[in-house]
Every structure is written in C-alpha cells, then in structure tokens.
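Hi everyone, thanks for making time.

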Amino acid sequence: MDIETPLAGRALVVIVDDRTAHGEGVDSIGPLVTELLGEAGFLVDATVAVAADEVEIRNALNTAVIGGVDLVISVGGTGVSPRDVTPDATAAVLDREIPGISEALRSSGLAAGALDAGLSRGLVGVSGSTLVVNLASSRAAVRDGMATLTPLAGQVIGELSWIEE
C-alpha cells in the first residue's frame with residue numbers, strides 16, 4: 001500500500017553559474033537540490049540556470065515568485081568575489097529578510113566543514129508569499145543547508161499560507 005506524503009509545497013531551483021547557463025558545463029548541483037527537495041515533500045516545478053548577473057538572477061527569482069511557488073532556492077554566487085552577486089540581486093526581490101535562517105545556514109555549514117557556507121553572504125527572506133533562499137554552491141553546503149532549511153521552510157510556508165486563507 002502506497003502512503004502519500006503530504007505536499008510541503010512547490011519549489012523552483014535557480015543555479016547561478018556562468019558555465020552552466022551558457023551550456024558549457026554539467027549541472028550536478030541542480031539534481032541534488034531537486035532530490036533533497038523531493039525527499040522533504042516538495043514538488044519541484046523546474047531547475048533553471050542563469051549567469052552570475054544581477055538582472056538575470058533577479059528575473060529568475062521574480063519569475064518564481066510570480067509563478068506562485070512556495071519556495072525558491074538559488075545556489076551559487078553567494079561568496080565574496082566580484083562575480084558573486086546573488087545576495088545583491090536577491091535583496092532587490094525580498095519584501096522582508098529572515099536573518100535567523102541565513103545565520104543558521106552559515107553556522108551549520110561551518111560546523112559541517114563547508115567553508116563556502118560559512119563565508120556565504122546569502123540571504124533568506126519572503127517575497128510576496130514565497131520563501132526565497134540563497135545557498136552556497138558546494139555539495140557539502142547544499143546537503144547541510146537543505147537539512148537545516150527544510151524544517152524552517154515548512155514553518156515559514158505554513159505561516160505564509162495561513163495568512164492567505
């Protein structure tokens with residue numbers, strides 16, 4: 001007998017990587033995030049790749065919000081190099097930041113040995129009724145970040161859907 005898991009929500013994954021966006025590399029992170037979201041009960045609408053460009057990132061995030069997903073996760077472009085502009089693009093999309101979740105992602109990432117997670121400038125917040133999350137791009141940062149994020153995301157999405165009723 002199959003027992004259906006309740007749907008945690010709809011999600012979209014945005015991979016911020018110049019090579020992947022231009023078809024020059026293979027995306028290994030998008031499938032990982034999709035798998036982890038599926039395990040957490042999310043239906044992933046799509047995975048899109050964009051270049052490390054503020055306008056492209058902002059457009060992808062806005063498209064997800066307008067599309068009505070509950071959660072959009074961007075991966076990559078959160079560090080300190082000049083090309084790491086994901087947090088800057090995300091700030092323009094958010095209505096409200098949730099700094100506690102950003103801090104939890106950095107802290108747990110460092111504790112797990114994912115240095116890029118600890119150095120991440122990634123933001124987490126709400127745009128409309130969508131939770132928007134920036135993750136660092138290493139597999140360790142993604143795995144740890146998703147483990148930290150999913151219970152918190154469920155709480156936020158529940159609160160946002162309660163407001164809409």
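**A walk through the chain**

Let's start at one spot: Ser107 sits in helix H5. Ser107 counts as partly exposed, because its relative accessibility is 46%. The cut-offs there are under 20% relative accessible area for buried, over 50% for exposed, and partly exposed in between, with a 1.4 Å probe and protein chains only. From Ser107 to Ala117 is 10 residues in sequence and 8.0 Å in space, C-alpha to C-alpha.

Before I go on, a word on where this comes from. It's a predicted model, where local features need pLDDT of at least 70 and side-chain atom pairs count only at pLDDT 80 or more, while totals for chains, interfaces and linings use all residues. Residues are numbered from 1 along each chain as its sequence is written, and side-chain values use heavy atoms, with hydrogens and water left out.

Now the overall view. The protein chain has 7 helices and 6 strands, and from the N terminus on they run β-α-α-β-α-β-α-β-α-α-β-β-α. The C-alpha atoms fill a box of roughly 45 × 30 × 30 Å along the principal axes. The radius of gyration of the protein chain is 15 Å, which agrees with the value near 15 Å for a compact globule of 165 residues. That radius is taken over C-alpha atoms, and the globule rule is 2.2 Å times the number of residues to the power 0.38. Of the 165 residues, 45% are buried. Contact here means heavy atoms within 4.5 Å. Among the contacts with a separation of 6 or more, 78% are between residues 24 or more positions apart.

Back to helix H5, which also holds Ser108. Is Ser108 buried or exposed? Ser108 counts as buried, because its relative accessibility is 19%. Leaving aside neighbours within four places in sequence, Ser108 is in contact with Asp144 and Thr148. With Asp144 there's also a side-chain polar contact of 2.7 Å. A polar contact is a pair of N or O atoms within 3.5 Å; within protein, one must be able to donate a hydrogen and the other to accept it, and residues adjacent in sequence count only if both atoms are side-chain atoms.

Further along, Gly118 is in helix H6. Gly118 is partly exposed, because its relative accessible area is 21%. Not counting residues up to four places away in sequence, Gly118 touches Arg106 and Leu110.

Then comes Ser120, in the loop between helix H6 (115-118) and strand E5 (124-127). Ser120 is buried, since its relative accessible area is 9%. Its contacts, leaving aside neighbours within four places in sequence, are Thr78, Arg106 and Ala136. The side chains of Ser120 and Thr78 are joined by a polar contact of 3.1 Å.

**The empty space**

Rolling a probe the size of a water molecule over the atoms shows where empty space is left. On a 1 Å grid over the protein atoms alone, a cavity is a set of points where a 1.4 Å probe fits but cannot get out; a pocket is an open set with protein on both sides within 12 Å along at least five of seven lines; and lining residues have an atom within 4 Å of a point.

How many cavities of 30 Å³ or more are there? The count is 1. The largest cavity holds about 110 Å³ of space. Its lining has 13 residues, with Leu105, Arg106, Asn134, Leu135 and Ala136 nearest the centre. Which element gives the most to that lining? Helix H5 does, with 4 residues. Helix H5 (99-111), strand E6 (130-135) and helix H7 (139-164) each supply at least two residues.

Finally, the largest pocket, with about 380 Å³ of space. The pocket is lined by 24 residues, and nearest its centre lie Val16, Asp17, Gly76, Gly77 and Ser137. Strand E1 (9-16) and helix H1 (18-21) are the elements giving two or more residues to that lining. The largest share, 3 residues, comes from H1.

Methods. Points joined across faces, edges and corners; volume = space filled by probe spheres on them.
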